[in-house]
Amino acid sequence: MTYRRSLARTAMFAVAFAIATVAGRLTVMDAGNLSLVWPAAGVAAIWFCAQRQAPARWADVLALSLATVAANMATKASAPMAVAFVAANLTQAAAFAHLLGRWRPNLWGAGGTEPLRTPRDLWGLVAATTAATTAAALLGFTSIWLVTGRFSWPALSAWLARNAVAVLLIGAAGICLGHAYTRWRDGTARPPRLQRRRAAEYAALLLCSTLAYLAGFAYSRGLPLTFLMIAVTVWAGSRFSTFFVVLHSLFAGIVVMGFTLHGTGPFANIPGHADRAVVAQLFVAMVGVIGLSLALGREERDTLLTALAEDRAELAVQRERASQRAELLRAIIDSTADGLAVIDETGHVVLRNPAVKRLLGDHLRPGDTVAGPAHYGLFHIDGTPLTDEEMAHVRVLAGEEYGDQDLLIRNPSVPGGRVVNVRATTLDNGDGTRSAVVLFHDVTAERRHRDELANFAGVVAHDLLNPVTTVEGWSDAAVESLSAAPDHPAVRDARDELARVNRAAVRMRTLIDGLLAYTTARDAAMRMVPVDLAEAVTEVTIARLDNAIAAGKPAPRFTVRDLPPVLADPVLLRQLLDNLIGNAVKYTAKGVTPALTITAEHDDDMVRVRVADNGIGIPPGQHEAIFGDFHRAHRAGPYAGTGLGLGICKRIVERHGGTITAGDAPGGGACFTFTVPDAASAREPQRVADSAQLR
């Protein structure tokens, strides 16, 4: 609000206050300056509320004071009386604005922009009115008593009643008008559409109200007909808007006060001007409060019903969307080729898609309680039956980690047997309970194909050894025969060609040995026994030292910490260590002496072994890919190999129920970490072999 606009509004309210003061002074009933009504109190209250954020508040105080003095002096009030009225009016207006802003800050003029909406707003308005008018009445009558030396309790009651009614009704009207003005200024106001039936009801109410008040005050002939006003008030409050009810109450107040002032109606016969004013004001206050209570209660109920209807509509939309999403999810789950089952903590099947029936047979139905593994024909890959504790949902609900595991299914519905890969995890239901989500993936064809390839690789590798041995033998014999021949260009060419043949045969033998090792690491029977890990590492390192010395290369440096005994297959464990240590020695930069550090530590019932080197390291992004079959991280350069070594290591570790990872060594180079069972653990050797992930 600009300064100029603030002063303009101050002038407007000052004129309205002066007019209201003059109107109030015209209703003086006796020589003691006791007025029947005092609309200036309501105008002052709205004035200070409307100017709450004005930059020139001092102008409002000054204008109210001057208007009060001028109006009272014009109606022949004494100067001391005018000053007393100034103090009372300022106290009343300021207190009302402050209390309304503190108790109902959402209302227009109290810091917000809303109209009267709920009964709580009405009671806040009534409370602020009562407190402000009481303070003003006490201050005003105390000042009058000090000036005139007279004090009258009836006059004080009349003062309090008339000011309270004026502030209540005019204040309510001002709040409604201020809200409407704010909406009009913001461009959000919409003109109401008045239907014919509604207009007819307005007209009927106004006519009935006029007749009721005329009957009660003008033509009552001494009969107590004022109850008719209660009827039209209830009608107005039950059917019409809050603003119209305020206007109806103001109309009632004007009628009642007009007839009473002219000596007509039931209140005009009350002896004593003060008592007459109090009773008339209380009647108007009762009419206003009843009408506003009914109107605000109805509007609050309508607002709540509208909000409830909107919530119901929104809930219906959300329910429909949820139903559609559920149907879509159900269709997706039912159409997937993998089996999915959800099992709660009590062992009941909550959900099962059709693929489960196809994979397991019709033995797992929604609502059933999960039976033992024998009921479904669940076996380990080696044919040993599962126990109840090994069921996937039992293990995950008990808090265990459950990775991929291949199981054999053989029951009357699947007589030929089927291999499925099982995964399981837990699902939080949101109510403090959990469920197990079990996935079944058919890997029968994959395993058959893999087994056929592995068998083919083993047979081919074994059958190729004889031709390779023959090639190596005859090439060596040819070299020996040429050693006695005289030097000649053709002899030298023959020797070079035989050397190339021999190198090719060596590469072929290396590849065949790798294929045989791959097949052995995957399919060879395991003999799980306690193995001295330190002794196994010592054997491998000594062999690598001997090979380096025999080849005339720098002898590798080995740092071996305390290594605990492990539970493993001795042959496969030695092959695992030989591959890791051999790779570390081989993948070392030219001119650098290989340096390896081998450490181990306990990790629950496993032993975690680390092999760190100072080699050329692993290219970025290949720390997982290097465990793939035939993957070579360093294809360029003088590092020959088949790409099977680390794949063999992974197979061996997984068959022992452990894991293997690759990382970077702190000082450069690579660091391989794998886990194998601790020899001191309570895990049975056969269980370790069965629970390993087979690929």
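Between which two helices does the loop that holds Ala54 lie? Ala54 is placed in the loop between helix H2 (40–50) and helix H3 (57–74), where helices (H or I, at least four residues) and strands (E, at least two) are DSSP runs numbered from the N terminus. This is a predicted model, in which local features need pLDDT of at least 70 and side-chain atom pairs count only at pLDDT 80 or more, while totals for chains, interfaces and linings use all residues. Residues are numbered from 1 along each chain as its sequence is written, and side-chain values use heavy atoms, with hydrogens and water left out.

**The chain as a whole**
- The chain contains 19 helices and 13 strands, and 43% of its 695 residues count as buried, a term that means under 20% relative accessible area, with exposed meaning over 50% and partly exposed in between (1.4 Å probe, protein chains only).
- Among contacts (heavy atoms within 4.5 Å) between residues at least 6 apart in sequence, 64% join residues at least 24 apart.

**Nonpolar cores**
- A nonpolar core is a set of buried Ala, Val, Leu, Ile, Met, Phe, Trp, Tyr and Cys residues joined through side-chain atoms within 4.5 Å, and in the largest one, of 73 residues, Phe96, Leu100 and Tyr213 touch the most other members.
- Helix H10 (residues 273–335) gives the most to this core, contributing 11 residues.
- When residues up to four places away in sequence are not counted, Phe96 touches Ala45, Cys49, Leu125, Ala128, Thr129, Ala132 and Val167.

**Cavities**
- The structure holds three cavities of 30 Å³ or more, a cavity being a set of points, on a 1 Å grid over the protein atoms alone, where a 1.4 Å probe fits but cannot get out.
- The largest cavity has a volume of about 190 Å³, where grid points are joined across faces, edges and corners and a volume is the space filled by probe spheres set on the points.
- Of the 17 residues that line the largest cavity, Leu360, Leu378, Met391, Val438 and Phe440 are the closest to its centre, and lining residues are those with an atom within 4 Å of a point.
- Strand S1 (339–344), helix H13 (392–397), strand S4 (405–411), strand S5 (414–428) and strand S6 (434–442) are the elements that give two or more residues to this lining.

**Loop residues**
- Arg104, in the loop between helix H4 (79–103) and helix H5 (119–148), is buried with a relative accessible area of 15%.
- Leaving aside neighbours within four places in sequence, Arg104 is in contact with Ala110, Thr118, Arg120, Asp121 and Gly124.
- Asp604, in the loop between strand S10 (595–603) and strand S11 (606–613), counts as exposed because its relative accessibility is 72%.
- The phi of Asp604 is near 55 degrees, a positive value in a residue other than glycine.

**Helix H18**
- Helix H18 (residues 645–655) is mostly covered, with nine of its 11 residues buried, among them Leu646, Ile648, Cys649, Arg651 and Glu654.
- Gly657, which follows H18, has a positive phi near 80 degrees.

Definitions and conventions
On a 1 Å grid over the protein atoms alone, a cavity is a set of points where a 1.4 Å probe fits but cannot get out, and a pocket is an open set with protein on both sides within 12 Å along at least five of seven lines; lining residues have an atom within 4 Å of a point.
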